[in-house]
Amino acid sequence: IEALGVKMYSQLPQALAELVANAYDADANTVSIQLYDLDKENKKIVVSDDGCGMSFEEINSKFLLIGRKRRKEDGENRKTPKGRIITGRKGLGKLALFGIGKNIAIETTKKGEPTATRFELNWDAILKEKEGNYKPSTSFVDKEDPNFQGTTITLSELTRVSDFDLEAISVSLSKMFNFIDKNFQVQLGKNNIEPSIKLSRDLRYKGINHEFTWKISEIVKEIKDDYHHKQDLKGSIVSSAAGKTMPPHLRGITLYANGRLINTPSFFGLGESPHAFSYLSGWIDADFLDEDTEDVIATDRQSVRWDLAEPAALQKFLQKIIRYVEKAWLEGRKANKRKLNAEKSGLDLNAWYKTFNNENMKETVEKIVNKMGDNPDISSEDYSGVVQDLHQLIPEYPYYHWRHLHSMVQDASKEYYKNQDYYDSIQEAIKRYISVVRTKSGDQQSAERELMFKNFGFNDDKIKKLSVMSKYKKPDGTNFHQDTIQNIEDSQAHLSAGMVIGFRHPLAHEEKNHLRDSKALTEKDCLDALSILSYLFRRLDDA
């Protein structure tokens with residue numbers, strides 16, 4: 001008992017799991033676990049189920065028989081009356097209770113029997129038994145309802161010092177089973193005060209936001225491998241949300257057989273990844289491992305004996321499943337980042353890249369964005385935020401925007417600029433400038449060159465119709481020197497006329513490709529002219 005019970009099952013959830021499993025094998029519908037720690041000196045645990053119970057004879061011949069080979073006795077008939085596959089194997093689970101308490105009181109009865117059998121197992125009494133033949137104290141209790149059935153086990157004289165953490169114990173216990181459903185329910189309570197917690201598969205992931213879910217049945221279809229049990233694997237793998245790694249106790253994939261844990265969460269021998277594996281959790285059912293005539297599951301049901309032939313083949317295939325999920329997770333994370341970024345900013349990355357006139361700039365920006373997308377530790381929100389900041393810094397057609405062109409210039413030339421038609425861009429922008437000058441001056445008749453000289457600059461020490469300097473004074477409030485005022489006023493006339501003469505007229509009379517190919521008037525010249533025109537528009541705003 002010391003070797004097989006106390007030392008093997010020193011953790012409370014593992015010991016309770018044996019009682020839950022016994023109730024399941026007994027065709028119970030419900031199991032109630034109550035933890036009591038208000039009286040620090042007399043802590044106890046009470047586990048009750050409504051299963052088929054045991055008769056006095058069954059207690060002696062089955063329950064109290066250590067190392068009973070149940071499967072050998074049952075042969076191929078391993079199903080309960082309700083059709084459940086029996087999970088018990090070695091008859092050692094009952095010893096788990098001595099790992100957490102010295103006294104075990106059991107009351108059990110079968111349907112139709114007039115009495116219930118009550119007996120106690122006491123660790124200290126067992127140690128004192130010199131003959132090596134321990135007989136528990138036993139009594140019989142009359143039943144009010146002969147149809148009542150079930151078993152209640154009370155553990156006392158507990159070795160535990162700390163108070164019970166109801167939620168932590170519930171979560172730990174929920175991870176040990178995969179057969180809890182509407183037909184088999186387990187709930188835990190504390191001191192008959194705190195609200196009880198119902199075990200469920202989802203309980204283990206409480207508070208975890210999932211980003212992706214993969215079904216094992218779908219994954220195995222994608223993996224090219226002739227592993228003979230691939231179609232028998234069932235389960236699900238989930239990942240936690242970006243930027244929030246899975247809690248350490250949930251990381252890895254738990255293996256179950258016939259609903260009971262047989263291997264604690266792991267990645268089946270694969271080296272720990274600093275990224276994907278920190279976000280993954282899940283479960284896989286491999287019932288066939290429990291059907292094997294060779295005992296491939298460790299006695300404490302915490303690990304599979306991977307060195308044996310069948311488990312070794314399974315391990316290789318499970319590693320392929322993990323690698324498949326790791327790759328899908330990385331691709332999905334990148335896609336989610338792009339999707340969220342598009343939703344928040346309306347920014348189409350590929351369309352943005354196409355607007356860069358400089359190939360080196362395009363490659364650099366794309367490299368930065370891809371690096372953030374490839375890094376799983378950067379959340380979708382952070383990724384989107386940085387991309388939006390980068391977009392503000394480098395907008396569509398950056399060389400166009402970086403010139404800080406006047407809004408009128410942008411409005412008139414943007415569509416042509418986007419089509420890389422820089423000659424029409426400057427043409428349309430000059431047309432807009434001429435139109436605004438005519439509107440402001442009221443001069444609708446003069447030719448374009450004369451329009452500029454007629455309405456800007458000085459004439460006989462008098463400012464013509466449109467003054468671009470009248471609103472400005474020195475910081476001390478005094479007027480600028482008359483020569484300065486006249487120079488700036490005259491320059492508006494000459495620069496404006498120069499735009500008409502140097503760009504508007506040549507582009508109106510010559511083919512664009514001749515000007516471009518000869519470099520008599522280059523595309524860069526047109527871009528520079530847009531900047532000059534932007535200056536003139538700014539002055540025109542003040543006129």
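Reader: Why does Asp-163 count as partly exposed?

Author: This is a predicted model, and the values here are computed from it. Asp-163 has a relative accessibility of 39%. Buried means under 20% and exposed means over 50%. The value falls in between, so Asp-163 counts as partly exposed.

Reader: What makes Lys-43 and Asp-163 a salt bridge?

Author: The N to O distance between their side chains is 3.9 Å. The cut-off is 4 Å. The pair is within it, so it counts as a salt bridge.

Reader: Why say that this pair ties together parts that are apart in sequence?

Author: Lys-43 lies in the loop between strand 1 (30–36) and strand 2 (44–49). Asp-163 lies in the loop between strand 6 (150–158) and helix 6. The parts are 120 residues apart in sequence, so the pair ties them together.

Reader: Is Lys-43 buried or exposed, and how do you know?

Author: Lys-43 has a relative accessible area of 5%. That is under 20%, so Lys-43 is buried.

Reader: What makes Lys-334 and Asp-374 a salt bridge?

Author: Their side chains meet at 3.2 Å, N to O. That is within 4 Å, so the pair qualifies. Lys-334 is in helix 9 (residues 309–345) and Asp-374 is in helix 11 (residues 359–374), 40 residues apart.

Reader: Are Lys-334 and Asp-374 buried, exposed or partly exposed?

Author: Lys-334 has a relative accessible area of 34%. Asp-374 is at 42%. Both values lie between 20% and 50%, so both residues are partly exposed.

Reader: How do you know that Lys-454 forms a salt bridge with Asp-443?

Author: The closest N and O atoms are 3.9 Å apart. The limit is 4 Å, so the pair counts. Lys-454 is in helix 16 (residues 448–455), and Asp-443 is in the loop between helix 15 (422–441) and helix 16. Asp-443 has a relative accessibility of 7%, under the 20% cut-off, so Asp-443 counts as buried.

Reader: Now the rings. Why is the pair of Tyr-24 and Phe-184 called edge-to-face?

Author: The ring centres are 5.1 Å apart, within the 6.5 Å limit, so the rings pair. Their planes are at 80 degrees. Over 60 counts as edge-to-face, so that is the name.

Reader: Where do Tyr-24 and Phe-184 sit in the chain?

Author: Tyr-24 is in helix 2 (residues 12–25). Phe-184 is in the loop between helix 6 (166–174) and strand 7 (185–190). They are 160 residues apart, and the pair links distant parts of the chain. Ring pairs also bring Phe-177 and Phe-179 into a cluster with them.

Reader: What makes Tyr-24 and Phe-184 buried?

Author: Tyr-24 has a relative accessible area of 10%. Phe-184 has 1%. Both are under 20%, so both are buried.

Reader: Why is the pair of Tyr-397 and Tyr-417 edge-to-face?

Author: The centres are 5.8 Å apart and the planes are at 85 degrees. The distance is within 6.5 Å and the angle is over 60, so the pair is edge-to-face. Tyr-417 belongs to helix 14 (residues 407–418). Both tyrosines are buried.

Reader: How do you know that the buried residues of helix 14 line one face?

Author: Val-409, Ala-412, Ser-413 and Tyr-417 are buried in helix 14. Seen down the axis, the buried residues fall within an arc of 125 degrees, so they line one face. On the other side, Ser-407, Asp-411 and Glu-415 are exposed.

Reader: What puts the charge of Lys-44 over the ring of Tyr-36?

Author: The charged end of Lys-44 sits 5.2 Å from the ring centre. The distance limit is 6 Å. Elsewhere, Arg-333 lies over the face of Tyr-279, at 4.9 Å from the ring centre.

Reader: Why is the protein chain called more spread out than a compact globule?

Author: The protein chain has 19 helices and 15 strands. Its radius of gyration is 41 Å. The globule rule gives 24 Å for 543 residues. The value is well over that, so the chain is more spread out than a compact globule. The C-alpha trace spans about 135 × 60 × 40 Å along its principal axes.

Definitions and conventions:
Residues numbered from 1 in each chain as written. Predicted model: local features only at pLDDT ≥ 70, side-chain atom pairs only at ≥ 80, totals over all residues. Heavy atoms only, no water. Phe/Tyr/Trp six-rings, centres within 6.5 Å; stacked < 30°, edge-to-face > 60°. Helix = DSSP H or I, 4+ residues; strand = E, 2+ residues; numbered from the N terminus. Buried < 20%, exposed > 50% of the residue type's maximum accessible area, 1.4 Å probe, protein only. Lys NZ or Arg CZ within 6 Å of the ring centre and 35° of its normal. Arc of directions from axis to C-beta. Rg over C-alpha atoms; globule rule 2.2 N^0.38 Å.
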